[in-house]
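This briefing is for a reader new to the structure. Please look over the sequence and the model before reading on.

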Amino acid sequence: MHNFTANYEKILEVLYRFASENVLPYQRRTPKLKDIEVVSLCLTAEYMIIDSENHLFRLLPDFLKLKIERSVYNRRKRKLFPYLEHLRQRLSDCFNEFEDCFIVDSMPLEICKLSRSSRSRICKESSLSYPNKGYCAAQSKHYYGYKLHAVCSFNGVVKSLEITADSVHDIQYLKDIQHQIKNCTLLGDRGYLSSGQQLNLFESCQIRLEVPMRKNQHNYIPQPYVFRKSRKRIETFFSQLCDQFMIKRNYAKSFEGYKTRILSKITAVTVVQYINKFIFNKNINNIKSALFKMHNGLY
């Protein structure tokens with residue numbers, strides 16, 4: 001198990017700096033496992049890449065296994081989604097409070113193969129959450145699922161995120177950004193090229209959207225090298241989510257469970273980044289190094 005208890009206790013120690021013990025109202029009795037402990041258990045499982053809850057509960061130490069059942073854990077974890085997002089935002093603010101330049105991009109989230117899409121019932125409990133077919137130009141392939149939009153700093157810490165159907169164009173996400181950030185520079189790829197949206201962002205919230213022009217555009221001007229290089233930071237972050245946290249591996253059947261799983265993985269990354277900077281005082285994106293230390297109980 002690579003010292004599950006040490007990982008759990010270290011993450012719990014970090015969470016106690018930002019949150020209270022219980023946030024949900026309990027009508028009958030106070031649960032044995034506090035809300036913040038449920039979140040810590042969830043983040044520890046995602047951090048250690050334990051995607052199956054059945055497997056997680058087979059490996060849990062007795063002091064946790066006796067406090068909560070698997071089905072109860074699953075229901076409470078989904079109800080704590082807003083609380084988890086609040087924790088992620090507070091952790092993110094520790095890095096991004098004085099940032100004035102961010103990067104925006106999107107990545108595909110495939111929930112099943114195209115050949116199974118017509119008969120798949122995953123995430124179809126509500127018409128508002130239906131996945132659909134889409135095309136990823138970066139990977140030159142069609143897929144079935146959702147699209148993850150994210151805004152991160154040059155250090156790779158997520159400022160804002162959203163899951164949408166793949167049919168939602170990247171430019172539509174910019175309309176939500178103006179309610180979350182302001183007075184900054186935002187770097188994007190050619191998928192965000194829209195002169196009207198650039199003007200709207202600048203006039204409404206002083207966001208300067210920097211997007212490379214197409215070579216066949218009138219008055220073409222190459223984008224500065226520093227912007228092109230800096231934008232790769234979010235692509236590296238997406239690669240870490242896929243490689244280290246297996247974000248594309250899905251065992252959830254409902255959209256509530258699916259979005260909670262995605263948020264848990266990104267929050268787990270943010271917690272590791274916080275530990276790297278404020279506890280180990282090292283590069284926050286040395287995720288593999290942090291995993292090695294945690295798994296050897298050096299905390």
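The model is a predicted one. It contains zero disulfides. Helix α2 is largely enclosed by the rest of the structure, and Gln240 in helix α10 is buried.

**Cysteines**
- A disulfide is a covalent bond between the sulfur atoms of two cysteines.
- For Cys94, the nearest cysteine sulfur belongs to Cys152 and is 17 Å away. A disulfide needs the two sulfur atoms within 2.5 Å, so Cys94 is in no disulfide.
- Cys94 is partly exposed, as its relative accessible area is 30%.
- Cys101 is in no disulfide either, and the sulfur of Cys184, the nearest cysteine sulfur, lies 7.6 Å from its own.
- Cys101 counts as buried, because its relative accessibility is 11% and the cut-off for buried is under 20%.

**Helix α2**
- Helix α2 runs over residues 35-47 and has 13 residues.
- Of the 13 residues of α2, 13 are buried, so the helix is largely enclosed by the rest of the structure.
- After α2 comes Ile49, which has a positive phi, near 60 degrees.

**Gln240**
- Gln240 is part of helix α10, which covers residues 232-243.
- With a relative accessibility of 16%, Gln240 counts as buried.
- Apart from neighbours within four places in sequence, Gln240 is in contact with Arg233, Phe245, Asn285 and Ile287.

How values were computed:
Residues numbered from 1 in each chain as written. Predicted model: local features only at pLDDT ≥ 70, side-chain atom pairs only at ≥ 80, totals over all residues. Heavy atoms only, no water. Buried < 20%, exposed > 50% of the residue type's maximum accessible area, 1.4 Å probe, protein only. Helix = DSSP H or I, 4+ residues; strand = E, 2+ residues; numbered from the N terminus. Expected span 1.5 Å × (residues − 1). Contact = heavy atoms within 4.5 Å.
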